[in-house]
Amino acid sequence: MERKYNNPPVVEALCEFQFIPNQPWDITIPGLIYEKIENKFPEKKQQNVLGFQFQHTKKGFESKIEPAPPRIEFFKKDKTGLLQVGPDLLIINQLKPYIAWENFKSMIMNNFNIYKKIANPKSFKRIDLRYINIFEFDTQEVKLDDYFMYYPFIPKDLSHMHFHFSTNVELPFKEKKEVLILKLQSIIPNKPNLVSLVLDIDYAMITPEYISLDAINEWLEKAHNKVENAFESIIKDKTRNLFEKDKD
């Protein structure tokens with residue numbers, strides 16, 4: 001059962017599908033999808049993306065930046081949600097205010113089924129269910145172990161206060177076919193004299209074709225449980241007090 005909070009720290013929840021295609025990408029697919037979602041996602045724009053490639057040369061491996069195929073973004077009128085469609089790619093984003101999991105899952109499934117029917121992908125290459133949470137502290141110093149069970153370990157003879165930090169861990173599941181990715185890091189606060197931290201929790205299927213297209217409903221439930229359990233395990237009651245209070 002999903003725990004309900006009066007003012008949850010989620011600033012964005014997203015589900016990203018990368019597909020293995022049955023045939024080359026058809027540039028008419030985004031337009032056909034738009035015809036099905038126009039009532040709920042009426043605004044659209046093209047997003048150009050840069051891709052990074054590594055090539056082996058006589059000097060060793062060198063990076064090369066090239067334009068990637070553009071994505072088309074479809075927005076809700078109030079800009080609280082959007083879809084991103086690109087070659088063999090579908091991303092469903094829910095921004096603030098976060099809705100209940102049942103609603104977000106319905107949003108994922110409805111648009112996944114539209115994409116599946118139109119694009120007819122062969123199978124999944126990768127799936128991510130990701131929640132991004134921001135915590136704001138009305139102070140210039142935060143003792144991390146007062147608020148979190150997961151944080152960078154600092155030896156006792158060094159300062160326990162942090163200016164900037166970033167920590168990342170990947171926990172394997174299902175014989176390394178799936179992974180839970182946890183990231184906790186400091187970010188630039190929106191206001192001075194605050195400390196802002198972001199907790200990014202991502203449960204991903206990383207082995208292509210590990211599950212079938214028809215198994216996505218069950219996989220999403222499992223992934224959400226993994227994300228929710230990780231969130232509740234990481235934060236302490238002192239952290240919950242930051243967002244359990246009623247909104248003003």
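# Briefing: aromatic pairs, a helix and its neighbours

The structure holds 21 aromatic pairs. This is a predicted model. Two of those pairs involve Phe17, and they are taken up below.

**Aromatic rings**

- A pair of aromatic rings is described by the distance of the centres and the angle of the planes.
- Phe17 and Phe19 are stacked, at 6.0 Å centre to centre with 25 degrees between the planes.
- Phe17 and Phe112 are tilted, at 5.1 Å centre to centre with 40 degrees between the planes.
- This second pair links distant parts of the chain: Phe17 lies in strand E1 and Phe112 in helix H2, 95 residues apart.
- Phe17 and Phe19 are buried, and Phe112 is buried too.
- One aromatic cluster is formed by Phe17, Phe19, Trp25, Phe112, Tyr115 and Phe124.

**Charges over rings**

- Lys44 has its charged end over the ring of Tyr34, 4.2 Å from the ring centre.
- Lys79 has its charged end over the ring of Phe75, 5.9 Å from the ring centre.

**Strand E1 and its partners**

- Strand E1 is mostly covered, with eight of its eleven residues buried.
- E1 and E6 run antiparallel and are joined by ten bridges.
- Ile20 has Ser123 of E6 as its bridge partner.
- E1 also pairs with strand E5 (residues 89-95), in the antiparallel sense, over seven bridges.
- Gln18 has Leu89 of E5 as its bridge partner.

**Helix H3**

- Helix H3 covers residues 216-234, 19 residues in total.
- From first C-alpha to last, H3 reaches 27 Å, close to the 27 Å expected at 1.5 Å a residue.
- The buried residues of H3 include Trp219, Leu220, Ala223, Val227 and Phe231.
- Why do the buried residues of H3 line one face of the helix? Seen down the axis, they fall within an arc of 165 degrees, so they line one face.
- An α-helix has 3.6 residues a turn, so residues three or four places apart point the same way.
- Asn229 and Ser233 are exposed, on the face of H3 turned away from its buried side.
- The buried residues of H3 pack against several elements, among them strand E1 (10-20), helix H2 (101-119) and strand E6 (123-137).

**Asn133**

- Not counting residues up to four places away in sequence, Asn133 touches Pro9, Val10, Leu197, Val198, Leu199 and Phe231.
- Phe231 is itself one of the buried residues of H3.

Terms used
Residues are numbered from 1 along each chain as its sequence is written. This is a predicted model: local features need pLDDT of at least 70, side-chain atom pairs count only at pLDDT 80 or more; totals for chains, interfaces and linings use all residues. Side-chain values use heavy atoms; hydrogens and water are left out. Helices (H or I, at least four residues) and strands (E, at least two) are DSSP runs, numbered from the N terminus. The expected span of a helix is 1.5 Å times one less than its number of residues. Buried means under 20% relative accessible area, exposed over 50%, partly exposed in between (1.4 Å probe, protein chains only). The arc is that of the directions from the helix axis to the C-beta atoms. Contact means heavy atoms within 4.5 Å. Two strands pair if DSSP finds at least two bridges between them. Rings of Phe, Tyr and Trp (its six-membered ring) pair if their centres lie within 6.5 Å; planes under 30 degrees apart count as stacked, over 60 as edge-to-face and the rest as tilted. A charge sits over a ring if NZ of Lys or CZ of Arg is within 6 Å of the ring centre and within 35 degrees of the ring normal.
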